[in-house]
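Work through the exercises below with the sequence and the model at hand, and try each task before reading its solution.

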Amino acid sequence: MIRINDIIDKVSETHPDTDMDIIDRAYIYSARVHEGQLRLSGEPYLSHPLEVAYILADMKLDTVSIAASLLHDVIEDTHATPQDVRDMFGDEVFHLVSGVTKLSILTFDSSQERQAESIRRMLLAMADDIRVILIKLADRLHNMRTLQYQKESKRKEIAQETLDIYAPLASRLGIYWIKKELEDTSFKYVVPEEYSKIETLVSKDMEERERYIETVKRFIKEKMDENHLKGEVFGRYKHFYSIYLKMINQNLEFEDVYDIIAFRIIPETIPQCYETLGLVHALWKPVPAKFKDYIGIPKPNMYRSLHTTVIGPYGERIEIQIRTREMDEVASSGIAAHWGYKEGMPIDENISKKFSWIRSIIENQENIKDPNEFLENVRIDLFPEEVYVFTPKGEIKSLPKGATPVDFAYLIHTEVGNQCVGAKVNGRMVSIKYELQTGNIVEIVTSKNHHPSKDWLNFVKTVKARSRIRQWIKTQDKERSMTLGREMCEKAFRKHRLNFNTLFRSEKMNQVVEHFNFKNVEDLIASVGYGKTTPLQVVRKFMPKTEMEEETGSIFDKIIGRVRKKKPKSGVLVKGLDDILVKFGRCCRPVPGDSITGYITQGFGVTIHRTSCKNALKMNPERQIDVDWDYKSTETYPVKIGIRSLARVGLLADITANISKNEANILDVNTKMIDNNGIEILLTLSVDNTHHLEKVLTSLKKVKYVQKVNRIGI
C-alpha cells in the first residue's frame with residue numbers, strides 16, 4: 001500500500017520548495033473520517049485516496065490537487081460536511097472536492113439520470129478548473145485497477161461507462177497513458193473472451209517480434225547516424241483495445257493487422273523531425289494518404305507529431321511517429337505536462353484556450369433534459385477523430401470526421417446554420433450532406449426565409465448542430481401543439497358546458513397548472529396538443545365530484561384511438577395508463593432486459609424503443625412517456641442477429657441446432673456469400689429476454705468457423 005511519505009517524496013521531487021502542510025493536514029483528516037471503513041478488497045478505505053494522490057503526484061500536480069485527492073470521497077462517504085472541508089482547507093480545495101463528488105445524496109428516477117447529472121456537474125466544474133477531471137481520472141484509474149472485487153454485473157457496467165466517458169476524456173486531454181490503461185482494463189471486463197484471445201495471439205510469437213523490433217530500430221538508427229542526426233528510436237506493442245478496434249472497424253483477422261508494433265523516433269528539434277521523415281521515406285516506400293502532420297496542425301488536446309506508414313524491410317507495413325522530446329511528454333501526459341499552477345498563480349491563459357472545447361460541451365448540453373440524449377451527446381463530443389477546415393478568411397475550424405456544411409454553419413453561428421441553403425467547398429457548390437475533408441475551404445450560402453429541416457438530423461455530426469435543429473423543431477412543434485391543444489380544450493370544455501376562454505385566465509386554472517407540474521398555462525395547453533395530457537384530465541379539475549364519478553373513457557381516446565376492446569398483451573407497462581395500444585420499434589427491436597422508453601404517436605398508441613436507439617433520440621422529448629417491462633408476461637420477442645463465418649458443409653445445420661438447443665425459435669433466415677469463402681447469415685429469432693439472447697449468442701460463437709455473431713439494431 002502507498003504511504004503518505006511516498007507521496008510527499010514524489011511531490012518534493014517536482015516542487016522542492018513547496019510547503020507540504022496542506023497535504024499532511026488532508027491526510028490526517030481523511031484518515032480520521034475514513035477510520036473503520038474497508039474497501040471490497042478488504043483493505044482499509046484510506047488506501048484508495050492514497051493511491052489516487054500518488055497517481056497525481058506522479059503526474060507532477062500541485063499540492064492543492066494532491067490534498068483534494070486525499071479528500072475526494074469524504075463528503076460522499078463519511079460524516080464530513082462540505083462546510084467542514086471549506087473551513088479546514090479553504091475554497092480552492094473545497095471547489096475541487098465538490099467537483100469530484102458524485103450526486104449520491106440526491107434522488108433520481110433512474111441510474112441513467114444519476115449518471116448524466118453527475119457527469120454534467122463534473123463537466124461544469126472542470127470547465128472552471130481542469131484539475132477536477134484530473135482527480136476524477138486518477139480516481140477512476142485506481143477503481144479500474146481493483147475492479148475484480150466488484151460483482152460481475154457491476155464490473156461490466158463500470159467498465160462500459162469508463163470506455164464511453166472516461167477513456168475519451170483522457171484522450172481529449174492528451175493523457176494517453178491513462179487512456180490506454182483505462183481502455184485495456186475496461187476491454188478485459190466488457191468483452192473478456194476477445195481480450196483473452198488477443199492477449200494469447202500477441203504473446204504467441206513474442207520472441208520473433210522482439211527480434212523484428214530490434215532490426216527495424218537498427219535500420220533507422222544507422223540511417224540517422226549516417227546523416228549526423230541525434231535521436232532515440234523506440235518500438236512498442238499497440239495496446240490490446242486499439243488492436244481489437246482495428247479488427248472490428250476494418251473487419252480484419254489478427255494476422256491482417258499490420259501495425260501491432262509501432263515505432264517512435266525522437267529527434268532534438270522540429271526541423272530535425274521533418275529531416276528524419278525524409279530519411280524514413282528514402283529508406284522505405286511511404287504508403288499514400290497515410291501521412292499526417294500534427295506538428296503543423298496540432299490536435300485540440302495539444303498533441304503534436306508526424307505520422308507516416310511505410311512498407312518495411314520485409315514488405316510489411318510499419319507505422320512510425322516522429323516528434324521532439326517535449327512533444328513526446330505532451331503525447332504521454334497531455335495537459336499535465338503543461339501544468340502552470342504555482343502557489344497562488346492561475347493556469348496559463350493559452351492552456352485554458354486550448355481546452356475551450358470543455359466549455360463548448362457544457363453550452364451544447366445546457367438545454368438537454370433527457371439523460372440518455374445528454375450522455376449520447378457527451379460521447380459524440382468526446383470522441384476525437386476530427387477534420388480541419390478553413391473559413392474563407394483562413395481561420396482553422398475543427399469538426400468531427402464525417403461533418404457536413406450544416407455542422408460547419410452551426411459552428412459559425414446558430415442563425416447561419418438555421419438559414420443554410422447550400423455551401424461552396426474550394427469554390428464549388430456541394431450538397432449540404434457533403435462530408436468535409438481536412439484542408440477544405442468552406443463558404444456557407446444562406447437565405448433569410450430558409451429554416452432547418454428535420455431531415456438534417458439524419459446526417460449532421462456535431463452536438464451543437466443537432467441540439468440547435470431540435471430546438472428549432474421543438475419551438476415550431478410547441479406553437480402547433482398550443483393551437484391544437486387550445487382547440488381540443490375548447491371542444492372538451494363545451495361538451496361539459498364550461499367556457500374555456502373564461503376559465504383560461506382564472507385562479508382555478510393556475511391551481512390546475514400547478515397540479516400538473518407545469519410552469520404556466522401555455523405549457524399545459526401545449527402538453528394537451530402533444531398528447532401527454534388529455535383535455536379530459538384538465539376538464540375533470542373543473543367538474544363537480546359527482547359528475548366526475550359518472551365520467552368514463554380512456555384518457556387517450558381522442559389522440560391514440562379506442563383500444564379498449566381487449567387489454568393488450570404487449571409485455572410492457574405504460575406509466576399511469578391501461579388499455580393502450582403498444583408497438584415495438586422495428587429499428588431497434590427491444591426485448592425484456594433492454595432499457596426502454598415510449599413515444600406517443602398520433603392514432604397509433606405508444607411505440608417502444610431502446611433508450612439508445614438513434615431514431616428515439618431524434619424524437620420530440622415532449623412526446624416521451626415512461627414505460628417498463630411487465631416481467632410477469634410470457635410473451636416472446638423478435639430480434640435480429642447477424643453471423644459471419646467461413647463457408648463449410650453443415651454450417652447452417654449446426655447453427656439451427658444450437659438455436660433449437662437454447663429454446664429459441666427461428667422466424668426468418670437469409671444467407672449471402674461474400675468474398676474469401678465467407679458467408680453472412682441474417683436471422684430473426686424469437687427470444688424471452690436479453691439473458692436468453694446472450695445465451696444464444698454465446699452458443700453460436702462456439703460453432704466451428706463462425707467468426708462474428710452480433711445483435712442487429714440501432
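Predicted model: local features only at pLDDT ≥ 70, side-chain atom pairs only at ≥ 80, totals over all residues.

Residues are numbered from 1 along each chain as its sequence is written, and side-chain values use heavy atoms, with hydrogens and water left out.

**Exercise 1.** Find where helix 6 has its kink.

Solution. Start with the ends: helix 6 covers residues 82–100, and its end C-alpha atoms are only 12 Å apart, whereas a straight helix of 19 residues would span 27 Å at 1.5 Å a residue. Then look at Gly 90, on which a kink of about 135° is centred; the bend at a residue is the angle between axes fitted to the seven residues ending there and the seven starting there.

**Exercise 2.** Identify the polar contact between the side chains of Arg 711 and another residue.

Solution. First locate Arg 711 in strand 21, residues 706–712. Its side chain makes a polar contact (a pair of N or O atoms within 3.5 Å, where within protein one must be able to donate a hydrogen and the other to accept it, and residues adjacent in sequence count only if both atoms are side-chain atoms) with the side chain of Asp 594, at 2.7 Å. A polar atom of the Arg 711 side chain also lies 2.9 Å from the backbone oxygen of Arg 589.

**Exercise 3.** Determine which ring lies under Arg 486.

Solution. Arg 486 lies over the face of Phe 504, 4.6 Å from the ring centre; a charge sits over a ring if NZ of Lys or CZ of Arg is within 6 Å of the ring centre and within 35 degrees of the ring normal. Likewise, the charged end of Arg 218 sits over the ring of Phe 219, at 5.7 Å from its centre.

Key
Helix = DSSP H or I, 4+ residues; strand = E, 2+ residues; numbered from the N terminus. Expected span 1.5 Å × (residues − 1).
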